Amino acid sequence: MDNVKRYTLCLICLLVMASCLCIRARAAETAGPSGPATAAKSAILIDASTRRPLYEKNSDERLQMASTTKIMTTLLTIEAGELDEFFEINYDDIKTEGSSMGLKPGDIVSRRILAYGMMLPSGNDAANAAAISVGGSIEDFVAMMNERADSMGLTDTNFVTPSGLDDYTDCHYSTARDMAMLAAEALENETFRQICGTRSICLESGNGEEIWLSNTNRLLDYCDGIIGVKTGFTDKAKRCLVSACERDGVTLICVTLNDPNDWLDHSNLYDYAFGLYESRSFEGVSLQIPGIISQELFQIESEDFCLPLTEEDYDRVKRVIIAPRFVYPPYDDGKQVGSVLYTLDGRTLAQKELVLRRGE
């Protein structure tokens with residue numbers, strides 16, 4: 001009888017251990033490499049300044065990205081210029097399905113209006129009209145999109161449409177990593193940054209009609225510090241979201257593809273990632289450089305300062321001093337004679353002046 005009890009007890013222990021192992025395995029599958037678990041099929045969160053990933057989940061898997069495609073379409077439209085030149089919309093310009101800003105044949109619009117129409121209500125009609133305005137045709141504009149992607153180093157991205165509608169040949173795709181890099185570059189354009197962060201706006205067409213547009217990006221009201229960027233959804237791509245968030249001088253970019261819980265996932269990822277940052281101190285530079293005529297040694301200094309960085313990035317920052325061999329007259333106190341660059345992976349994080357200090 002004792003043997004039976006011992007056997008039963010051992011069996012129960014084994015079952016409990018197996019159950020625990022299964023639970024841990026499931027947790028490992030959902031928790032991600034570090035940070036909160038996400039429901040996304042693919043995700044990434046990067047520092048916009050350094051481009052360094054702070055969170056990744058299948059970030060290099062090629063997936064359709066729905067209307068987040070319009071980040072590229074809008075950027076190219078803005079860069080084409082002539083944003084406030086009006087032109088007439090034709091039927092063929094807006095012959096598309098899906099989300100719309102409400103364009104009609106005969107409407108008089110500008111590229112700026114179309115940019116708002118793409119980024120706020122995610123108008124596929126606006127994307128097509130902008131593509132034809134800038135590229136002359138949808139096909140030529142798509143070629144421009146792919147050329148720009150190549151120039152950015154987006155090696156896992158291919159565009160087939162300017163709007164992001166489902167492509168059933170599976171040739172319209174990107175990755176979370178590529179979309180984050182695209183968003184980082186687009187946000188360096190001040191016009192793009194302003195448009196993608198607009199909650200709602202009333203614009204006036206060339207016909208004198210009011211055009212009211214509202215942003216589909218709920219994170220602008222839901223998550224502290226959100227400054228854009230773009231939502232997306234199709235039956236095939238599912239819910240896609242590219243967002244950017246700024247807190248305490250740090251800008252982060254988050255991308256989720258095929259994520260049924262994207263609003264909450266982005267919010268949780270931002271709370272996690274911003275918690276990695278602290279204000280890090282950098283001491284200024286102090287040098288002595290001779291004058292070109294008198295050979296007198298002059299004191300050259302830069303100021304102390306702080307930057308919000310993760311511990312890992314702080315340890316990898318490099319300092320580059322750019323200073324002349326000699327100081328040229330006039331020898332005025334406070335005169336700039338050089339600079340100090342603080343770089344991370346080749347990207348400049350800060351630049352401080354080297355100035356002349358004459359003392360008393």
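Reader: Going by relative accessible area, buried means under 20%, exposed over 50% and partly exposed in between, using a 1.4 Å probe and protein chains only. What does Asn 258 count as?

Author: Asn 258 counts as partly exposed, at 24% relative accessibility. Keep in mind that this is a predicted model, where local features need pLDDT of at least 70 and side-chain atom pairs count only at pLDDT 80 or more, while totals for chains, interfaces and linings use all residues. Residues are numbered from 1 along each chain as its sequence is written, and side-chain values use heavy atoms, leaving out hydrogens and water.

Reader: Thanks! Where does Asn 258 lie?

Author: Asn 258 lies in the loop between strand 9 (250-257) and helix 9 (262-274). Helices (H or I, at least four residues) and strands (E, at least two) are DSSP runs, numbered from the N terminus. The phi of Asn 258 is near 55°, which is positive although the residue is not glycine.

Reader: Which peptide bonds are cis?

Author: Among them is the bond from Gly 228 to Val 229, with omega near 25°; Val 229 is found in strand 7 (residues 226-234). Another cis bond runs from Pro 329 to Pro 330, with omega near 0°. Pro 330 sits in the loop between strand 14 (318-322) and strand 15 (336-344).

Reader: New topic, aromatics. How many pairs are there?

Author: The count is six aromatic pairs. Rings of Phe, Tyr and Trp (its six-membered ring) pair if their centres lie within 6.5 Å; planes under 30 degrees apart count as stacked, over 60 as edge-to-face and the rest as tilted. Phe 282 and Phe 305 are a stacked pair, 5.2 Å centre to centre with 15° between the planes. Phe 282 is in strand 10 (residues 277-282) and Phe 305 in strand 13 (residues 305-310), 23 residues apart.

Reader: Last one: how many helices and strands does the protein have?

Author: The protein has 10 helices and 16 strands. Its C-alpha trace spans about 95 × 90 × 35 Å along the principal axes, and 48% of its 360 residues count as buried.
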